[in-house]
Amino acid sequence: MLTIRLANEIVEQTMLRLKRNVNVMSIDGIILASGDKERVEKFHEGAKFVAESKKTLIISDDNIHDFPQTKHGINLPIFFQEEIVCIIGITGVVDEELLNISSLVQLTAEVLVHQALIESKSEWQRKMSVHIFEELISGTSINRFVKERINKLAIPFIAPYCIILLKAEQKTGSHRTLIQYIDDFFYNKPVIFGHFQLDEYFILTTELNQTTLTKIVEAFNTYIKSKFSIKIAVGEHVENLERLPHSYKTAQLALKHHHTVSKVIYHQEVEVFTLFNPEVAHHYSIKTLNQLDDKLIATLQCFFNNNKSASATADELEIHRHTLAYRLSQIREHTHLNPTEFHDALKLQIALWYREGLNQ
């Protein structure tokens with residue numbers, strides 16, 4: 001809907017270029033703004049005709065009797081996304097000069113309308129995104145009102161989902177806001193985003209697998225770090241909306257332990273800090289070892305029991321060292337953790353300890 005403020009801006013901007021009166025009318029035929037203040041809020045028959053016919057109307061001596069209380073001039077439809085949003089009228093006898101001017105006025109008005117309505121729509125979507133995000137991470141059941149809001153957004157909510165948190169330390173001279181840069185970079189990507197807390201921002205991604213998301217996040221970090229001193233933390237991928245509170249908590253944890261500005265940190269890098277929480281540890285153990293069968297679990301446990309000695313492990317299991325190497329490579333492939341490297345081995349060992357506790 002066209003606002004009075006925008007209507008007045010169109011009048012001011014177009015009359016700067018003309019020596020003629022300009023009116024901006026609603027699709028109901030009401031004059032919203034005019035260089036002739038006495039005509040504001042009056043009904044304009046010509047504007048109503050243009051709104052219904054979607055065609056330009058020239059009012060002259062030949063037809064002015066059909067449009068009472070109007071003046072000579074040209075009335076032009078202004079479109080936004082193929083719909084008439086207002087009518088702009090230029091007062092005066094229509095000659096070749098006015099016809100040439102009218103095209104410029106129509107273009108100027110459409111640019112102003114397009115810019116204002118796009119910005120308004122973007123602002124509405126951002127506010128809606130924040131409300132949806134708050135509901136989804138609250139841990140309460142997702143009711144029909146939240147689902148209706150989701151359906152009004154321009155992106156499909158398709159799994160997997162992931163939450164990214166950003167904390168801006170300071171600007172580096174840019175006059176634009178972080179939200180504007182996020183909007184530009186993630187344009188046409190399946191995400192919602194917003195300003196969540198004082199200096200914290202969120203990006204909720206949908207439909208992006210871990211490999212694709214990592215590429216996008218690293219590219220965004222390269223793009224944004226010259227403009228902001230910023231920390232970026234990526235939470236865990238989840239397969240349904242009900243698990244988004246978990247993705248949010250893992251992103252929070254990553255952000256909490258993020259000590260290097262302008263570097264992306266992923267929840268896997270700090271996941272070990274969550275293991276003092278029994279519920280989180282339970283989930284961690286299952287998730288880490290889920291793809292391993294009993295043979296690989298036994299091999300991994302034996303490998304650690306023998307202090308990661310390949311020869312001792314192969315002897316105890318009575319297998320060839322090449323077979324052991326193959327099994328360890330399978331463990332690495334399934335868990336994305338390398339049992340021969342200290343930090344990864346620690347994570348696997350902790351997962352095994354919690355697994356033993358769960359099975360007792």
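This is a predicted model: local features need pLDDT of at least 70, side-chain atom pairs count only at pLDDT 80 or more; totals for chains, interfaces and linings use all residues.
Modeller: Local features here need pLDDT of at least 70, side-chain atom pairs count only at pLDDT 80 or more, and totals for chains, interfaces and linings use all residues. Residues are numbered from 1 along each chain as its sequence is written, and side-chain values use heavy atoms, with hydrogens and water left out.

Biologist: Why is valine 22 called buried?

Modeller: Buried means under 20% relative accessible area, exposed over 50%, and partly exposed in between (1.4 Å probe, protein chains only). Valine 22 has a relative accessible area of 0%, so valine 22 is buried.

Biologist: Which residues does valine 22 touch?

Modeller: Contact means heavy atoms within 4.5 Å. Leaving out residues up to four places away in sequence, valine 22 touches Val11, Thr14, Met15, Ala33, Ser34, Gly35, Ile88 and Gly89.

Biologist: What makes S1 and S2 a pair?

Modeller: Strands are DSSP runs of E with at least two residues, helices are runs of H or I with at least four, and both are numbered from the N terminus. Two strands pair if DSSP finds at least two bridges between them. S1 (residues 22-25) and S2 (residues 31-34) have three bridges, in the antiparallel sense. Asparagine 23 stands opposite serine 34 in S2.
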